[in-house]
Amino acid sequence: MSFDINNAKGVFATVDAAIEATHKAQIEYYVNCTKEGREAIITAIRGAVLGRAEDFAKWFVKRPNWGV
(Lines give C-alpha, C1' and ligand atoms only; values in the text may rest on other atoms or scores of the structure.)
Protein backbone atom coordinates (compact mmCIF):
# COMPACT_ATOMS: atom_id res chain seq x y z
CA MET A 1 0.00 0.00 0.00
CA SER A 2 1.41 3.38 -0.89
CA PHE A 3 0.51 6.83 0.31
CA ASP A 4 0.14 9.77 -2.05
CA ILE A 5 0.41 12.94 0.02
CA ASN A 6 -0.81 15.04 -2.89
CA ASN A 7 -4.16 13.22 -2.97
CA ALA A 8 -4.62 12.61 0.75
CA LYS A 9 -7.94 13.44 2.40
CA GLY A 10 -7.82 15.16 5.76
CA VAL A 11 -9.08 13.66 8.98
CA PHE A 12 -10.40 17.03 10.18
CA ALA A 13 -12.79 19.34 8.39
CA THR A 14 -10.58 22.39 8.93
CA VAL A 15 -7.03 23.26 9.91
CA ASP A 16 -8.40 24.95 13.04
CA ALA A 17 -10.14 21.71 14.05
CA ALA A 18 -6.88 19.80 13.57
CA ILE A 19 -4.95 22.33 15.66
CA GLU A 20 -7.55 22.20 18.43
CA ALA A 21 -7.43 18.38 18.50
CA THR A 22 -3.63 18.46 18.57
CA HIS A 23 -3.64 20.89 21.49
CA LYS A 24 -6.03 18.69 23.46
CA ALA A 25 -3.96 15.59 22.68
CA GLN A 26 -0.73 17.28 23.81
CA ILE A 27 -2.30 18.23 27.15
CA GLU A 28 -3.65 14.70 27.66
CA TYR A 29 -0.28 13.22 26.74
CA TYR A 30 1.59 15.53 29.13
CA VAL A 31 -0.77 14.75 32.01
CA ASN A 32 -1.11 10.98 31.52
CA CYS A 33 1.93 9.62 29.71
CA THR A 34 4.43 7.40 31.48
CA LYS A 35 7.95 6.43 30.47
CA GLU A 36 6.57 3.11 29.26
CA GLY A 37 3.93 4.93 27.23
CA ARG A 38 6.55 7.16 25.59
CA GLU A 39 8.69 4.12 24.80
CA ALA A 40 5.68 2.40 23.19
CA ILE A 41 4.97 5.46 21.04
CA ILE A 42 8.61 5.71 19.94
CA THR A 43 8.72 1.99 19.15
CA ALA A 44 5.55 2.28 17.05
CA ILE A 45 6.87 5.30 15.14
CA ARG A 46 10.21 3.58 14.58
CA GLY A 47 8.48 0.48 13.23
CA ALA A 48 6.25 2.50 10.91
CA VAL A 49 9.15 4.53 9.55
CA LEU A 50 11.48 1.56 9.10
CA GLY A 51 8.68 -0.33 7.37
CA ARG A 52 8.46 2.49 4.81
CA ALA A 53 12.20 3.28 4.60
CA GLU A 54 12.45 2.55 0.88
CA ASP A 55 9.39 4.71 0.13
CA PHE A 56 10.86 7.58 2.16
CA ALA A 57 14.23 7.24 0.45
CA LYS A 58 12.64 7.39 -3.01
CA TRP A 59 10.51 10.36 -1.97
CA PHE A 60 13.51 12.35 -0.74
CA VAL A 61 15.65 11.48 -3.77
CA LYS A 62 12.99 13.20 -5.89
CA ARG A 63 13.57 16.36 -3.81
CA PRO A 64 17.32 17.00 -4.14
CA ASN A 65 17.21 20.55 -2.75
CA TRP A 66 15.68 19.57 0.57
CA GLY A 67 18.04 20.12 3.46
CA VAL A 68 20.24 22.50 1.49
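Modeller: Helices here are DSSP runs (H or I, at least four residues), numbered from the N terminus. Keep in mind that this is a predicted model, where local features need pLDDT of at least 70 and side-chain atom pairs count only at pLDDT 80 or more, while totals for chains, interfaces and linings use all residues. Residues are numbered from 1 along each chain as its sequence is written, and side-chain values use heavy atoms, leaving out hydrogens and water.

Now for α1: its 18 residues reach 26 Å from the first C-alpha to the last, close to the 26 Å expected. Buried means under 20% relative accessible area, exposed over 50%, and partly exposed in between (1.4 Å probe, protein chains only).

Look at K24 and E20, both in α1 and four residues apart, about one turn of the helix. Their side chains meet in a salt bridge at 3.2 Å, N to O; that term means a side-chain nitrogen of Lys or Arg within 4 Å of a carboxyl oxygen of Asp or Glu. K24 counts as exposed because its relative accessibility is 52%, whereas E20, at 46%, is partly exposed.

Further along, Y29 also sits in α1 (residues 15-32). With 40% relative accessibility, Y29 counts as partly exposed.

Notes. Helix = DSSP H or I, 4+ residues; strand = E, 2+ residues; numbered from the N terminus. Expected span 1.5 Å × (residues − 1).
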